[in-house]
Amino acid sequence: MLLIFGLGYTATRIAASWPGASVGTTRDGRDGTLRFDDAAAVQAAIGAATHILSSVPPADEVDPVLSRYGEALGGRWLGYLSSTGVYGDAAGAWVDEQAPTGRGRRTARAAADAAWLARGARVLRLPGIYGPGRSPLDRVAGGKAHRIGRADQVFSRVHVDDIVSGVLAARDAPAGAYNLADDRPCAQDDVVTFAARLLGLPPPPLVALDTLSPMARGFYAENRRVANGKAKRVLGWQPAYPDYRFGLRALNAMTSPIAASTPPAAASSDQR
């Protein structure tokens, strides 16, 4: 049985694809899940589990799962959904799993990442996640997207379905860190502009960086390209959506957030 700590957007999809029984925790025990602070029920689930996956981020500089239940987790397959934010700013350079961690703004996340690695977990480091109901298409359609006019500010991203396939591939993998990212890091402006084209809408407006929220400014303070070669080599993983264009086209065809007023412009043949 798979026990998932933190049954949210991504973890719910992992549970649905897991080849066997699964149970998950939430803060409030909604929809038949276990309440995270119901120690008796969670301890019983840990005892029955063969595989344990955590998607719970640090809170108040502490990993809640390890802090509360860490001593009971031994002897099982462990997985942890981490963040490529542990690498900090790389000035646009490529980073792989050998790159230093803990240098950026996410020191608590880096500490949790290291703690799960020390316990023999498969630590899956994720960049920006998008998928059905949570993508640039939705933000553009809802008038919530923007551009900042910085083509040299690049990021990596990953489709939620490719995270699911990565977790499944990691079931038989050695412990260690794995980056699950697509093949095409690029500027966020490129992504939202392409999403607008698919919807037949004008590009979102340019905004000044200093007008954004502190969280958004922190996001744009980092600049890196995430290499996924280890996951491909060791896990045998291949992203079904190797770049944002594949992913957004598929989402647009599936969800159609709004009707396009004009046909989308043809995509460039340059995929890199």
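**Salt bridges, sheet and cores of the predicted model**

Aspartate 183 has a relative accessible area of 21% and is therefore partly exposed; buried denotes under 20% relative accessible area, exposed over 50%, and partly exposed the range in between (1.4 Å probe, protein chains only). The structure is a predicted model, in which local features need pLDDT of at least 70 and side-chain atom pairs count only at pLDDT 80 or more, while totals for chains, interfaces and linings use all residues. Residues are numbered from 1 along each chain as its sequence is written, and side-chain values use heavy atoms, with hydrogens and water left out.

Aspartate 183 takes part in a salt bridge with lysine 232, the side chains meeting at 2.8 Å, N to O. This pair links distant parts of the chain, as lysine 232 lies in helix H9 and aspartate 183 in the loop between E11 and strand E12 (186-187), 49 residues apart. Helices (H or I, at least four residues) and strands (E, at least two) are DSSP runs, numbered from the N terminus. Lysine 232 is partly exposed, at 24% relative accessibility.

The structure holds six salt bridges, a salt bridge being a side-chain nitrogen of Lys or Arg within 4 Å of a carboxyl oxygen of Asp or Glu. One of them joins the side chains of aspartate 37 and arginine 35 (2.4 Å, N to O). Aspartate 37 is partly exposed at 39% relative accessibility, and arginine 35 is partly exposed at 37%. In another, glutamate 222 is bridged to arginine 224, with 2.8 Å between the closest N and O atoms. Here glutamate 222 is buried, with a relative accessible area of 5%, and arginine 224 is buried at 10% relative accessibility.

An open sheet is formed by seven strands with parallel pairing, in the order E3-E2-E1-E4-E5-E7-E11. Two strands pair if DSSP finds at least two bridges between them. Strand E3 (34-35) and strand E11 (176-179) stand at the edges with a single partner strand each, so one side of each has no neighbour in the sheet. Within the sheet, E5 runs parallel to strand E7 (residues 122-126) and is joined to E7 by five bridges. Serine 82 stands opposite arginine 125 in E7.

Serine 83 belongs to strand E5 (residues 77-83) and is buried, at 7% relative accessibility. The C-alpha atoms of serine 83 and arginine 125 are 4.5 Å apart, although 42 residues separate the two along the chain. When residues up to four places away in sequence are not counted, serine 83 touches Arg106, Arg109, Arg125 and Leu126; contact means heavy atoms within 4.5 Å. The side chain of serine 83 also reaches the backbone nitrogen of glycine 85 at 2.8 Å.

The largest nonpolar core has 22 residues, of which Ile14, Leu53, Leu124, Val167 and Leu235 touch the most other members. Two or more residues of this core come from each of strand E1 (2-5), helix H1 (9-17), E5, E7, helix H6 (160-169) and helix H9 (229-235). A nonpolar core is a set of buried Ala, Val, Leu, Ile, Met, Phe, Trp, Tyr and Cys residues joined through side-chain atoms within 4.5 Å. Apart from neighbours within four places in sequence, isoleucine 14 is in contact with Leu2, Ile4, Leu53, Leu81, Val164 and Val167. A second, separate core holds 20 residues, among them Phe36, Tyr69, Ala112 and Val123.

Conventions:
A polar contact is a pair of N or O atoms within 3.5 Å; within protein, one must be able to donate a hydrogen and the other to accept it, and residues adjacent in sequence count only if both atoms are side-chain atoms.
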